[in-house]
Amino acid sequence: VQLQASGGGLVQAGGSLRLSCSASGGTSTKYAVGWFRQAPGKEREFVSAISRSDDRTYYADSVRGRFTISRDNTKKTVYLQMNGLKPEDTAVYYCGASPFISMSTSTYNSWGRGTQVTVSS
């Protein structure tokens, strides 16, 4: 499976964006999808993940209550709705596929090109 993230942009603090992670190839229910982000000079960090088919979700403490992950298997797309954005959310956001839901970068592969999210204060 190949994944591609999109939907990033420039937004003011308090604003919203919806990221999309679109898949090509593979069967949508055979993998969990995770969102990660990487700011300049920092390591890639976990943001959110959704399970293969029963919609279990995980969130990083820093985004819980502000971000919502969802998936539409018919469209082979996973969404990350981001509300109440803060300047510290500024990063390149990536999505990856994993055989099981996880918060660890090492379990994910099929990383696509990320999408830049910039939040101005």
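This is a predicted model: local features need pLDDT of at least 70, side-chain atom pairs count only at pLDDT 80 or more; totals for chains, interfaces and linings use all residues.
Is Tyr108 buried or exposed?

Select the strands β2, β10, β9, β4, β5 and β6. In that order, these six strands form an open sheet, and their pairing is mixed. Colour β2 (9-12) and β6 (57-59) separately: they stand at the edges with a single partner strand each, so one side of each has no neighbour in the sheet. From one strand to the next, the twist averages 25°.

**Second stop: an edge of the sheet**

To see one of the residue pairings, select Gln12, whose bridge partner in β10 is Ser120.

Select Ser48, which is found in strand β5 (residues 45-50). Is Ser48 buried or exposed? Its relative accessible area is 0%, and a residue is called buried under 20%, so Ser48 is buried. Next, display the side chain of Ser48 together with the backbone of Tyr58. The side chain reaches the backbone oxygen of Tyr58 at 2.9 Å. Which other residues does Ser48 touch? Leaving out residues up to four places away in sequence, Ser48 touches Val33, Gly34, Trp35, Tyr58, Tyr59, Ile69 and Leu80.

When neighbours within four places in sequence are set aside, the contacts of Val92 are Phe36, Arg37, Gln38, Gly114, Thr115 and Gln116. Val92 and Trp111 are 19 residues apart along the chain, and their C-alpha atoms are separated by 12 Å.

How many aromatic pairs does a search of the whole structure find? The search finds four. Begin with Phe36 and Phe46. The centres of their rings are 5.6 Å apart and the ring planes stand at 75°, so this pair is edge-to-face. The pair links distant parts of the chain, since Phe36 is in strand β4 (residues 32-38) and Phe46 is in strand β5, ten residues apart. Phe36 is buried, with a relative accessible area of 0%. Phe46 is also buried, with a relative accessible area of 11%.

Continue with Tyr108 and Trp111. Their ring centres lie 6.2 Å apart and their planes stand at 45°, so the pair is tilted. The opening question can now be answered: Tyr108 has a relative accessibility of 5% and counts as buried. Trp111, by contrast, is partly exposed, with a relative accessible area of 29%.

**Last stop: Arg44**

Select Arg44 and show the side chains of Tyr94 and Trp111 with it. Where does the charged end of Arg44 sit? The charged end sits over the ring of Tyr94, at 3.8 Å from the centre of that ring. Arg44 also lies over the face of Trp111, where the distance to the ring centre is 4.7 Å.

Note on methods: Residues are numbered from 1 along each chain as its sequence is written. Side-chain values use heavy atoms; hydrogens and water are left out. Helices (H or I, at least four residues) and strands (E, at least two) are DSSP runs, numbered from the N terminus. Buried means under 20% relative accessible area, exposed over 50%, partly exposed in between (1.4 Å probe, protein chains only). A polar contact is a pair of N or O atoms within 3.5 Å; within protein, one must be able to donate a hydrogen and the other to accept it, and residues adjacent in sequence count only if both atoms are side-chain atoms. Contact means heavy atoms within 4.5 Å. Two strands pair if DSSP finds at least two bridges between them. Axes are lines fitted to C-alpha atoms, for helices over the stretch in contact, and angles run from 0 to 180 degrees between N-to-C directions. Rings of Phe, Tyr and Trp (its six-membered ring) pair if their centres lie within 6.5 Å; planes under 30 degrees apart count as stacked, over 60 as edge-to-face and the rest as tilted. A charge sits over a ring if NZ of Lys or CZ of Arg is within 6 Å of the ring centre and within 35 degrees of the ring normal.
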